[in-house]
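This report covers residue contacts, helix packing and pockets.

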Amino acid sequence: DRHRQQTPISTFCINSHHHHSRQIKINVKIKINININIIMALPIIRGLVLLSAFFSSSAAFMHRPSLSTSCFRQQERMTRTTLSAIVDEVNDEMKVAMRAKDKVTLGTMRLIRGAFVNAAIDLKTEALTDDEAQTVLRKLAKMRNESIDLYAANGREDRAESERAELTIIERWLPSLADEDQTRVWVKEAISNVGASNMGKVMGALMKKHKAELDGKLTQRIVKEEIAAANA
């Protein structure tokens with residue numbers, strides 16, 4: 001009787017264990033299949049994520065203006081709307097030099113145009129006036145004069161000649177500077193108005209009245225001479 005009672009229990013346990021084992025095997029197979037599918041899908045998922053990131057970053061980049069784009073737009077605005085006849089003439093001369101394949105003139109025109117663009121950005125304006133353009137040109141001319149003196153002093157006459165060629169082009173749009181005699185007349189007038197005690201005041205008076213017509217180095221030399229003579 002005891003044996004008869006235990007038989008069903010052991011049989012049930014064996015059957016239960018067998019059934020449980022089958023469930024485990026089925027679950028393992030399902031998990032393995034799921035894992036395999038996930039592994040196979042990973043490259044596709046990764047590719048989709050990368051594509052999404054690429055298009056998102058590309059869209060953001062295209063909507064963000066770069067520095068070169070900003071400069072290009074500034075150049076376009078200066079071409080379309082300008083208060084300066086000088087800027088227009090420089091643009092025209094650059095096109096002429098490009099067609100003529102004049103490398104020296106073309107290079108100088110590009111340099112001038114770039115300086116105009118930078119000045120417009122600094123002044124927060126879309127168009128330079130003639131006075132503003134001439135201020136830029138005077139700075140460029142001063143740089144060329146300094147370079148000429150430096151190269152000549154060091155025996156680099158070839159480089160000095162190159163700077164002279166650029167200076168000649170830049171000076172097309174600058175008013176003729178007063179010669180030594182005329183500058184001395186203006187210096188004496190300034191000294192009679194503000195006195196000979198302060199060189200800075202004399203130079204200030206001169207620049208206020210004759211800024212576009214004076215050679216800075218020549219003017220400083222004459223001011224020193226006339227102040228010295230007045231105080232002798």
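## Contacts of R184

R184 touches R221, I222, E225 and E226, leaving aside residues up to four places away in sequence (contact: heavy atoms within 4.5 Å). With E225 there is a polar contact between side chains, at 2.9 Å (a pair of N or O atoms within 3.5 Å, one able to donate a hydrogen and the other to accept it; residues adjacent in sequence count only if both atoms are side-chain atoms). R184 belongs to helix α7, residues 180–194 (helices are DSSP runs of H or I, at least four residues, numbered from the N terminus).

## Basis

The model is predicted: local features need pLDDT of at least 70 and side-chain atom pairs pLDDT 80 or more, while totals for chains, interfaces and linings use all residues. Residues are numbered from 1 along each chain as its sequence is written, and side-chain values use heavy atoms, without hydrogens and water.

## Packing of α3 and α5

The axes of α3 (residues 85–100) and α5 (residues 130–153) come within 7 Å and cross at roughly 60° (lines fitted to C-alpha atoms over the stretch in contact, angles from 0 to 180 degrees between N-to-C directions). A85, I86 and V87 of α3 meet D130, A133, Q134 and L137 of α5.

## Largest pocket

The largest pocket has a volume of about 700 Å³ (the space filled by probe spheres set on grid points joined across faces, edges and corners). A pocket is an open set of points on a 1 Å grid over the protein atoms alone, where a 1.4 Å probe fits, with protein on both sides within 12 Å along at least five of seven lines; lining residues have an atom within 4 Å of a point. α5 gives the most to this lining, with eight residues.

Note on methods
Helix = DSSP H or I, 4+ residues; strand = E, 2+ residues; numbered from the N terminus.
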